Amino acid sequence: MSSQNPVYSPLSLGETNISQQKHPSKKSTALALVGTLVIFSTVSLAIFGGFSNDDSDDNFGIAHVPYHKTLTTQNESIQLGNRFKNRYFEFKYEIVRGNYSHTNEDELAVKPFIVRNIERHSDGEPYDVYLHKIKPDEEGMIYWKFNLKATDKVVKTLVIRMIGINQTLNEGGKAEACLETFENCLEAPANQDLTIDMPRADTLFLGVKLYKNIKIFRKAERCVRCSGLLSGFSVKAYWVSTQDHLLNISSTFHDDSGRVFALSPKTGENYAKFTYNFINNLYSHTEPDGSPVRLFDFNGLERVEDYTENTVFLRRKNPKEKGNIRWALNLRIDGKYVEKVVIGIIGIEEIANRGGTARACWNVLYNCIDIPIDGTFTLQNNVVDLSLDIELDEDIQIFRTKLDDEGSLENVSVEVYWRGQRENN
């Protein structure tokens, strides 16, 4: 993805059909700004993490000095969950930290589609960050472009909320959502939801025009019911399938969770392999009493058999709420210690690009590592307790398999190698 001119969009105003309105502004007295060089001997900066960063410095708006940052643009449309089988997807931009909730498909940072006479600025107060015009007497604008196209599904509803745009009222500016072209727009209210049912468009443009010398997306303009988003915007997309699907759905196929399974080798051996096959819901082992192995944790997920597409998969029960599945294994054997553990999980490709997480933790919960989406990895510590946890942060599908696949697919595998107890020196 190539970066365009730091300020202007690659499209001219004529090509985008955005009008260049002239609005009178009051005369202002020019203020001479004297820069002050502040030298910090030892500075500890609170750096906020994010999924995608808008080219801002790590300490932007944190040091007590005025600061500004030029915004760059991109031609690519932002994806709204249309790559997978999402039923619900939310995209956020948070101005204070300069973070987007997701990256582009190439995992590079998201950027606006059009930026004209706009910069990200701080007056020097901690976290008091906003967008404003570079040249006060000229119109400014910023727009983001979203892709609403997908295969076998359409957007049923868009819910858009822009927080910190109070100053656009009284002809200070205009926040709007445009479908397909910049001539088909709806005005976005300040700190309230704009709901668009059945948009019937392939593209959404979301942005703000600044007529007067105002500040937008400022945290100081508090919104009481904004679900944790202090400033910026969010776009929620609710998708529906364009096909009629015959489904068999079960959220109780794993009852009685909360157990730790004790894995041990056969007599005289120092090796054991624990596996789980999702399509048949079968484990390689059983409990000592012959009952099936149980999960340690199973929340907010459901198993779906889609007879229309001949597939089976695991997904979130409520598309808007997170869910997780966890296995817990006890590897303690008297007189032996664990030399190594080889772990592999397949069918979790959609957790990439922040769709979810897959982690292995051992001995204590903070000893954790990300599980690769393909291949295996090895732990060589003396592992005595092991947990494998998959959490779905988005409405994605895991363990997706053809219903008629008769292969012995091992969605989860844990190979454990023991050795005789170490001698104390």
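Predicted model: local features only at pLDDT ≥ 70, side-chain atom pairs only at ≥ 80, totals over all residues.

Q: What about the contacts, how much comes from residues 24 or more positions apart?
A: Taking the contacts in the protein with a separation of 6 or more, 78% are between residues 24 or more positions apart.

Q: How much accessible surface does the protein have?
A: About 21800 Å², and carbon and sulfur atoms account for 47% of that.

Q: Switching topic: how many disulfides are there?
A: The count is 2 disulfides. Cys178 pairs with Cys185, with 2.0 Å between the sulfur atoms, and Cys361 is joined to Cys368, also with an S to S distance of 2.0 Å.

Q: Remind me, what is a disulfide?
A: It's a covalent bond that links the sulfur atoms of two cysteines.

Q: Is the link of Cys178 and Cys185 right-handed or left-handed?
A: The link of Cys178 and Cys185 is right-handed, with 100 degrees about the S-S bond.

Q: And what about Cys361 and Cys368, what is the torsion there?
A: The torsion about the S-S bond of Cys361 and Cys368 is about 105 degrees, so this disulfide is right-handed.

Q: Back to Cys178: buried or exposed?
A: Cys178 counts as buried because its relative accessibility is 0%.

Q: How do Cys361 and Cys368 count?
A: Cys361 has 11% relative accessibility, so it counts as buried. Cys368 has 23%, so it counts as partly exposed.

Q: Now for the inside. How many cavities of 30 Å³ or more does the structure hold?
A: The structure holds 1 cavity of 30 Å³ or more. The largest cavity has a volume of about 170 Å³.

Q: Which residues are closest to the centre of the largest cavity?
A: Among the 18 residues lining the largest cavity, Gly81, Arg83, Phe89, His102 and Asn353 are the closest to its centre.

Q: Which elements give two or more residues to that lining?
A: Those are strand S3 (78-79) and strand S4 (88-94).

Q: Last one: how do the lining residues divide into nonpolar, polar and charged?
A: The lining of the largest cavity has 6 nonpolar, 9 polar and 3 charged residues.

Terms used. Residues numbered from 1 in each chain as written. Heavy atoms only, no water. Disulfide = S-S within 2.5 Å. Buried < 20%, exposed > 50% of the residue type's maximum accessible area, 1.4 Å probe, protein only. Contact = heavy atoms within 4.5 Å. Areas by Shrake-Rupley, 256 points an atom, 1.4 Å probe, with all protein chains shown as cover. 1 Å grid on protein atoms, 1.4 Å probe; cavity = no way out; pocket = protein on both sides within 12 Å on 5 of 7 lines; lining within 4 Å. Points joined across faces, edges and corners; volume = space filled by probe spheres on them. Helix = DSSP H or I, 4+ residues; strand = E, 2+ residues; numbered from the N terminus. Nonpolar A, V, L, I, M, F, W, Y, C, P; charged D, E, K, R; others polar.
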